[in-house]
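Me: Could you walk me through this chain and its strands?

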Amino acid sequence: MAEGGDRTEPTPPARPLDPIDRDILRILQTDGRASIRSVAERVHVSRANAYARINRLIDDGVIRGFSARVNHERAGQGASAYITLKIVQNTWRTVREQLQALPGAAHIALVSGDFDVLLLVHTPDNRTLRELVLTRLQSIPEVLSTRTLLVFEETDLDPGPGSSGPPPDAEPLQ
């Protein structure tokens with residue numbers, strides 16, 4: 001299913017990525033603020049070529065956007081949880097819209113297995129998390145049941161291929 005919703009127009013087939021495209025993606029995943037000049041130098045192409053490739057990756061939907069990696073605890077979101085939901089069959093689109101509107105919702109996935117939806121949320125504290133689960137989620141008519149898995153500690157992985165952890169200059173999560 002396409003990220004971000006249903007599209008009325010058909011999605012064009014994905015173009016194959018060459019090694020330079022993959023290198024550009026790796027660089028931008030590690031540092032979304034990297035300049036075109038820096039990217040071009042690191043992949044050994046001209047700035048115009050790097051600019052065109054990045055725009056093509058955006059236009060093709062390979063790059064969906066740019067964002068900051070956040071330490072949620074330091075940002076006042078000290079409670080995190082993965083919540084599994086069982087939902088009424090064929091209500092994914094309706095449920096997804098309601099979940100997207102939840103404060104603190106960070107990731108929503110339709111999955112297979114013992115439950116239907118996996119939701120990641122970040123809230124200021126456990127009281128707010130409790131309110132979100134017991135009042136907001138369980139009041140959605142299409143939600144049949146929930147299970148909450150508290151996150152005690154988390155580590156963002158470096159998105160580079162074959163990486164074993166965050167880049168050397170990254171601050172560790174506390």
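Me: What should I know about the model and its numbering before I start?
Reply: This is a predicted model, in which local features need pLDDT of at least 70 and side-chain atom pairs count only at pLDDT 80 or more, while totals for chains, interfaces and linings use all residues. Residues are numbered from 1 along each chain as its sequence is written, and side-chain values use heavy atoms, with hydrogens and water left out.

Me: ok, how many helices and strands are in the chain?
Reply: The chain has 5 helices and 4 strands, where helices (H or I, at least four residues) and strands (E, at least two) are DSSP runs numbered from the N terminus. Along the sequence they follow the pattern α-α-α-β-α-β-β-α-β.

Me: And strand 3, which strands pair with it?
Reply: Strand 1 (residues 79-87) pairs with strand 3 in the antiparallel sense over 7 bridges, and strand 2 (residues 105-110) also pairs with strand 3 in the antiparallel sense, over 5 bridges; pairing requires that DSSP finds at least two bridges between two strands.

Me: Which residues stand opposite each other there?
Reply: Leu-85 stands opposite Val-117 in strand 3, and Ala-105 stands opposite Val-121 in strand 3.

Me: What about the hairpin of strand 2 and strand 3?
Reply: That hairpin has 6 residues between the strands, and Gly-113 takes a positive phi near 120° in it.

Me: Switching topic, how many residues of strand 3 are buried?
Reply: In strand 3 (residues 117-123), 6 of the 7 residues are buried, meaning under 20% relative accessible area (1.4 Å probe, protein chains only). For the chain, buried residues make up 28% of the 174 residues.

Definitions and conventions. Buried means under 20% relative accessible area, exposed over 50%, partly exposed in between (1.4 Å probe, protein chains only).
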